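Subject: Structure handover

Hello,

Here is the structure you asked about, with the sequence alongside. My notes follow below it.

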Protein chains: 4
Amino acid sequence: MSGSVYGKIFTVSTFGESHGGGAGVVVDGVTPGLELDAADIQQELDRRRPGQSSVSTPRSETDTVQILSGVFEGKTTGTPVMMLVMNRDQRSGDYGNIKDMFRPGHADYTFYKKYGIRDYRGGGRASGRETLARVSAGAIAKKILLKYGIVITAYTAKVGSITGKSVDFSFIERNPVRAADPEAAPRMEQLILEASAAGDSVGGVIECRVNGMPPGIGEPVFNKLDAELARAILSIGGVKGIEFGAGFAAAEMRGSQHNDPMTPDGFTSNNAGGILGGISNGNEIIFRAAVKPTSSISGRQNTVTLNNEAAVCEVHGRHDPCLCPRMVPVVEAMTAIALTDLLKQNAALHA
Amino acid sequence: MSGSVYGKIFTVSTFGESHGGGAGVVVDGVTPGLELDAADIQQELDRRRPGQSSVSTPRSETDTVQILSGVFEGKTTGTPVMMLVMNRDQRSGDYGNIKDMFRPGHADYTFYKKYGIRDYRGGGRASGRETLARVSAGAIAKKILLKYGIVITAYTAKVGSITGKSVDFSFIERNPVRAADPEAAPRMEQLILEASAAGDSVGGVIECRVNGMPPGIGEPVFNKLDAELARAILSIGGVKGIEFGAGFAAAEMRGSQHNDPMTPDGFTSNNAGGILGGISNGNEIIFRAAVKPTSSISGRQNTVTLNNEAAVCEVHGRHDPCLCPRMVPVVEAMTAIALTDLLKQNAALHA
Amino acid sequence: MSGSVYGKIFTVSTFGESHGGGAGVVVDGVTPGLELDAADIQQELDRRRPGQSSVSTPRSETDTVQILSGVFEGKTTGTPVMMLVMNRDQRSGDYGNIKDMFRPGHADYTFYKKYGIRDYRGGGRASGRETLARVSAGAIAKKILLKYGIVITAYTAKVGSITGKSVDFSFIERNPVRAADPEAAPRMEQLILEASAAGDSVGGVIECRVNGMPPGIGEPVFNKLDAELARAILSIGGVKGIEFGAGFAAAEMRGSQHNDPMTPDGFTSNNAGGILGGISNGNEIIFRAAVKPTSSISGRQNTVTLNNEAAVCEVHGRHDPCLCPRMVPVVEAMTAIALTDLLKQNAALHA
Amino acid sequence: MSGSVYGKIFTVSTFGESHGGGAGVVVDGVTPGLELDAADIQQELDRRRPGQSSVSTPRSETDTVQILSGVFEGKTTGTPVMMLVMNRDQRSGDYGNIKDMFRPGHADYTFYKKYGIRDYRGGGRASGRETLARVSAGAIAKKILLKYGIVITAYTAKVGSITGKSVDFSFIERNPVRAADPEAAPRMEQLILEASAAGDSVGGVIECRVNGMPPGIGEPVFNKLDAELARAILSIGGVKGIEFGAGFAAAEMRGSQHNDPMTPDGFTSNNAGGILGGISNGNEIIFRAAVKPTSSISGRQNTVTLNNEAAVCEVHGRHDPCLCPRMVPVVEAMTAIALTDLLKQNAALHA
């Protein structure tokens, strides 16, 4: 299957550009008999929509989702669920000035080199708008996982050099940064606003935890749990790295420190991040994703035109000064999609 | 396709346990007409075999590879290439004491929970021995990439807290650590030997660079170049993280710093690691993999038995005190496999 | 990937039920730079829409297609092309009487057994309406194939016991049966109308020919050209068999008769149907599909209820008395999709 | 995945040429905990091996299979099972005379056009020898299916114009033709021997029945049960058609005849061949495959050389005069593989 399709069993086919007719997703392999209506999807979409807070773009998009198939009398039928968001607030004029040059840090150049043609309006297919398809599909995946008691929670763990120290799940949706640390959150927000005021942007780290994960999920040797999560998360625009459990810190550890001892009551530490040999071990799954600073900044940048002549680029329009807050639900969604697909693969193996 | 099969077009099917009859791989989708003989494969295998240096396990395995199909009169025919290494030096007795308990840090517990049955001899399928199949397939992939002028070079960039500062490709195969920094290499070696002497192990970081990469490779939105590399590399046992270009350091950067400016002569920096929007940009691809300390250590560790009773585990046998040196060719192999598959996917898109 | 997704490279994801919100398809892996607009798709859709002739259902559905993504300024961009037909003429009342029983010959029973839930309105996902997605995707595939000079032509070769003897491609779209034999066509039409008047239906055979096919397409040993075409065609509702070239008649032939001799000017016969060893040989590809009589008939039939009690079923509503005329474009579409995917796979193999 | 890999979950990767080092298969996705030893595989292989009867080639190949991985202490571990048959009786000299020309009816020409290189020894990858991999994998699939009470039985239903009228499963393995009709079998045998004596070959039909099939298996709309079986069976060399239930005879039927009525005791006929809407209906699955006459015949045939010059071909060597008897176990194997994969897909859907 081609690049916009994910999953062996729980198969997610996304489509849509920033300024095309609409964006959405077909999800096949959905467990039949699941209660589902548009509000389940809308609730997750509202977490990623623009214009929701002090630190996100002021573009106001309603992003209303419709379910066009696969649901009958409020339940999934096991046939493909199609979810569609028609595009409305498009303001193509905002982007006209970048038609003939490549914005630094964006996919403009690589799309042009790959496809030989480029929908320059709002980033086209490389726009963050594409993630609404992921979040829609993820909303279904989350419902499937919930049947198994599996719950996914992501949050902004770091903005610039400010790192969250504590984790309070209940706080995440109550602050615009989606931080889990009530103490760090206002400082993170402040840093984002400062970067924005300077016409700049700032990077961060998103941490994700999966609770209720049964042991045994993951398909060695190539579709290991961590490998699949890495692919799912790195496929999100702006993510530049991932680490599980102790992650890069493991490089400086000794085996005697890193190995998580086992006792009859379970593991006594979690350096492995809940995964051993690519299979869940029943511990909490924990990973972190490195998020680059938003590429769209209003300052002047050196670039080239389509004809490879030097040019100066100024990106106007309305952009998030930090990707993390609105990416949190996207990370959860991709995690949910990957886990659902692997859960179903495990069921198939044992049939 | 199931978990031991990788690739849409360049399809790699691996098999083999530590102590079974043999291990190997079937590679399908190999470009026909490629010159190939067993020596091409053997050369790469010799880089990963045990017993090759001061810092690797003293197990001496010859690991002689045979090509059983897909090559005729010295050239690939476009049909599946099967490469087989029969197992010889097995010493099952070494592992008998871990039959009834789970070694901390190993996949013993998760394999048991997943499959309900476990080949406990030498780690079974979760043994590092599995990587010889990856290296064999990677040797073919490297030959295909070379036709396009693409060359992959990995090296040990960090051991414990010792980080390489310079990169000299020609030095890599001339030191037992496979470091690229002649100054740091002896200190890395020393650290590994110290850990080994203490019955312990040490982690590290492997860095990988791809030169000659044309722009346009990678399949958004899910099979992006970085996403596929992340999956390929995280599927290697012992890898706990990956980062591209500036990676996790991007979290602390501003957009104005991180965006790589473009000039008519190319990019003037490479924070992106050669990838924009999931597609190669023609710059050098650069990524780093976090490698945990070897799980097999000779010290006493707390664990549980199959019946979940507390136990003390002492892993004897012969193990590498640091995974990096012998993992370097594995990282190259998985990179080569992922790139070859994406290169072929790109050709298919344009057909 | 799940059951409603077809293709490794040219990936077609369909969705939609008879009476849901809409039906359509996401096509990924589309060659970039291809001229495409909705009229290209509509033209093919109009060939399969109901109410078009004396021998098709009088339901009048406009089936207007929209392209929502993947096309920019009249050209494909290489990103997923989403095509949508919103449902309009639904008349759910017509189908209410079959809510609690299984219609003989239909998928009512098997969908209920498989999914445990069934959208009984108009056959739900098993409705022929699903084929508009295939035809839409096929319209793109045909455009890609045309670049290579490959042209696909299907026609009704048999209705009941009336078999076409001659083949005139130019006649096909000029008769309601879509027969290629001007002499047989009116008799076929007459037979269909008689069956319809009797509250019954009649079966037939569709023949398909591919001209301009280059040699070398097909991927042994499992994705052979004939194997893929067989899957593609048998996946169409109502098709019960397929044969290539001499087909079932080959059973009664000797090798000396069946083998197609080769001369410097090409093959002198075509018993192979243009395929040898699962790979196109440059000859015309020719196959026939057996089409069962329409399951929906107005006569009384014995069946059972959801509770497995005996019942009598009378299917009212408006149905085609013979599936062939409207299935002709569906056969062409599936052939085009399968060939495009294999053409792209072959390009990938050689990269 | 490439052309020599079959299956989404139960994944079969085959390799091997007629005269290479060996042939075999890696099977991934095998249910763990299944009792399996080499004798289980050998038993099926012995049914397809040459030299077993009056109507098969006198080549005597022992075809001894080894299991090299995936089995521990007599049980499958859930990791890939690798099965290998080393080549022994090769007699390359027999085939030297066809090095520079294309044998009519064979894949010589198409392999050459596709790959640009051809292993001409004994047909290379296109040799019937490739089917030993299918039979080996099928032996595992059969064991999995047996857990569900599913049993597959194929037999020669027709040779030339002689059609079996009765079906006695117990007779199949007791006659060299593998016919199910004791009355027709000796006449079929006689016909084969006559064709052979005349330096010619003869075609036939293989019928296959699946008993104990639960309803609900098959994945609409593309991986329908009949579509997957069609692909699996048409991928066998020499098969030119397939039909399910009434098959091509359905073309001449009315809906009132073809629809299988349902009663509280089940279906009262089986024109559907056990499949409705691409999903098993609980009835016996029944299909027939058209088998062409063996392409290798000893008579003189017109052909061309590699340089497209006219030539006369005489194929010596030792070949089966009718493919059916030895293809019976191959049809069963491919049926088993397809069903197992779909059974596992269905389990995954419902997870």
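Contact, as used here, means that heavy atoms lie within 4.5 Å. Please keep in mind that this is a predicted model.

By that rule, and leaving aside neighbours within four places in sequence, C:Glu228 is in contact with C:Tyr6, C:Phe222, C:Asn223, C:Ala338, C:Leu342 and D:Arg231. C:Glu228 is part of helix H5 of chain C, which covers residues 225-234. Is C:Glu228 buried or exposed? C:Glu228 counts as buried because its relative accessibility is 4%, and the cut-off for buried is under 20%. One of its contacts is polar: the side chains of C:Glu228 and C:Tyr6 meet at 3.2 Å.

Next, the interface of chain B and chain A. Chain A and chain B each bring 104 residues to the contact. Between them the two chains bury about 7,800 Å², and 61% of that area is on carbon and sulfur atoms. On the chain B side, B:Lys114, B:Phe222 and B:Lys240 supply 12% of the area buried against chain A, more than any other three residues.

In a salt bridge, the side chain of B:Lys158 meets that of A:Glu252, with 2.7 Å from N to O. Sorted by class, the side of chain B that touches chain A holds 47 nonpolar, 36 polar and 21 charged residues.

Strands also pair between the two chains. Strand E11 of chain A (residues 239-244) runs antiparallel to strand E11 of chain B (residues 239-244), and three bridges join them. Within this pairing, A:Gly241 is opposite B:Glu243.

Last, a strand inside chain A. How many residues of strand E7 of chain A are buried? Five of the six are, so the strand, residues 81-86, is mostly covered. E7(A) pairs with two strands of chain A that are described here. With strand E3 (residues 22-28) the pairing is antiparallel and has six bridges; A:Gly22 has A:Met86 as its bridge partner there. With strand E4 (residues 65-69) the pairing is antiparallel too, with four bridges, and A:Val65 is partnered by A:Val85.

Regards

Notes. Residues numbered from 1 in each chain as written. Chains lettered and ligands numbered in written order. Predicted model: local features only at pLDDT ≥ 70, side-chain atom pairs only at ≥ 80, totals over all residues. Heavy atoms only, no water. Buried < 20%, exposed > 50% of the residue type's maximum accessible area, 1.4 Å probe, protein only. Pairing = 2+ DSSP bridges. Buried area = accessible area lost by both parts, 1.4 Å probe. Salt bridge = Lys/Arg side-chain N within 4 Å of Asp/Glu carboxyl O. Nonpolar A, V, L, I, M, F, W, Y, C, P; charged D, E, K, R; others polar. Polar contact = N/O pair within 3.5 Å; in protein donor to acceptor, adjacent residues only side chain to side chain.
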